Amino acid sequence: MPDGRIVINGRVWQGVTRLEIKNEVVMLPLDMVEKLGAHTNWEFYPRRPAFEPNDDEIMVPVSLLCRYLDLDWAYLPDINTLILTREEPALRGKRIVLDAGHGGVDTGATRGNLVESELNWDIVKRLADVLQLSGALIEYTRQSGEQATLSQRLAKVNDLQPDLFVSVHHNSFLDGQLNGTETYWYGNWGARHLAQYIQTHVLEELGTINRGVREAAFCLLRYIAATPVLIKVGFITGQEDSAVVASPWMRERAALGIFRGVREYIEENPPQM
Ligand SMILES: [Zn+2]
């Protein structure tokens, strides 16, 4: 199996590691315990054990490591990636509705094998996984492959009355010249801040062109009572963007960028008492 990657508290750990699956148990090298412990520098890190130089040959179950470091985890086999996170007090119990644009017979934009509705859902699902691990409560306006009209989406969101609403789309154009990421808000300063945080973190992950944070009266932004934003991750028709959005690893990174934007917004905007 090729080298695995680790995501810790919403950031990609700069390195690769062996990840093995034996009898459905995910294992990583023992020396990662120390590397991750040193990296996180958490107060509750109990005591630093001494390791021998050959410890990278000893594999330990991820579940054990996570109990030791007090982390939640998920393993993503499609990108051989281990997600490690602790519950975030700011996110605990926060209600967030995620909206994957289009769906069913409404594919959105397409180019070759790239189908917008599927890319939207893929990022939404990845985002949901990280948010849920951190303690947030996630609802969707549609499930994988499902179709939903705008009015059905609106009715659902306004019924759920979430704290935040994030809609995920991709852009398209007639030729490959246009590339880049855009995040939209409308009429609400909270949403504008949320859009700015998301835009910043997604650009940091994807390295795409910054097409800016924009105000637009999209139906979903206009009529949703929660703090709503809409991101267009990249151009599926773009010469540069198409390779980015076609990559499951980069879609995971897009989700991580949105996750950190949401987290930063919630941390900086505590609920009014
Ligand atoms: Zn769309």
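User: Where does Asn80 sit?
Analyst: Asn80 is in the loop between strand S6 (72-76) and strand S7 (81-85). Keep in mind that this is a predicted model.

User: What is the phi of Asn80?
Analyst: Positive, about 45°, and Asn80 is not a glycine. Most residues other than glycine have a negative phi.

User: Is Asn80 buried, exposed or partly exposed, and why?
Analyst: Asn80 counts as partly exposed because it has 16 C-beta neighbours inside 10 Å.

User: Which loop holds His102?
Analyst: The one between strand S8 (95-100) and strand S9 (110-111). His102 also has a positive phi, about 65°, without being a glycine.

User: And is His102 buried or exposed?
Analyst: His102 counts as buried, because 21 C-beta neighbours lie inside 10 Å.

User: Switching topic. What domains does the protein have?
Analyst: The domain assignment gives domain 1 (5-85) and domain 2 (95-268). Their C-alpha centres lie 30 Å apart.

User: How many residues does each domain put into the contact?
Analyst: Domain 1 gives ten residues and domain 2 gives twelve.

User: Which strand gives the most on the domain 1 side?
Analyst: S7, with three residues. S6 and S7 each supply at least two residues of that side.

User: What classes of residue are on that side of domain 1?
Analyst: Five nonpolar, three polar and two charged residues make up the side of domain 1 that touches domain 2.

Notes
Residues are numbered from 1 along each chain as its sequence is written. This is a predicted model: local features need pLDDT of at least 70, side-chain atom pairs count only at pLDDT 80 or more; totals for chains, interfaces and linings use all residues. Helices (H or I, at least four residues) and strands (E, at least two) are DSSP runs, numbered from the N terminus. A residue is buried if 20 or more other C-beta atoms lie within 10 Å of its own, exposed if 12 or fewer, and partly exposed in between; C-beta atoms are placed from the backbone. Domain bounds come from an automatic or database domain assignment. Two residues are in contact if their C-beta atoms, placed from the backbone, lie within 7 Å. Ala, Val, Leu, Ile, Met, Phe, Trp, Tyr, Cys and Pro count as nonpolar, Asp, Glu, Lys and Arg as charged, and the others, Gly among them, as polar.
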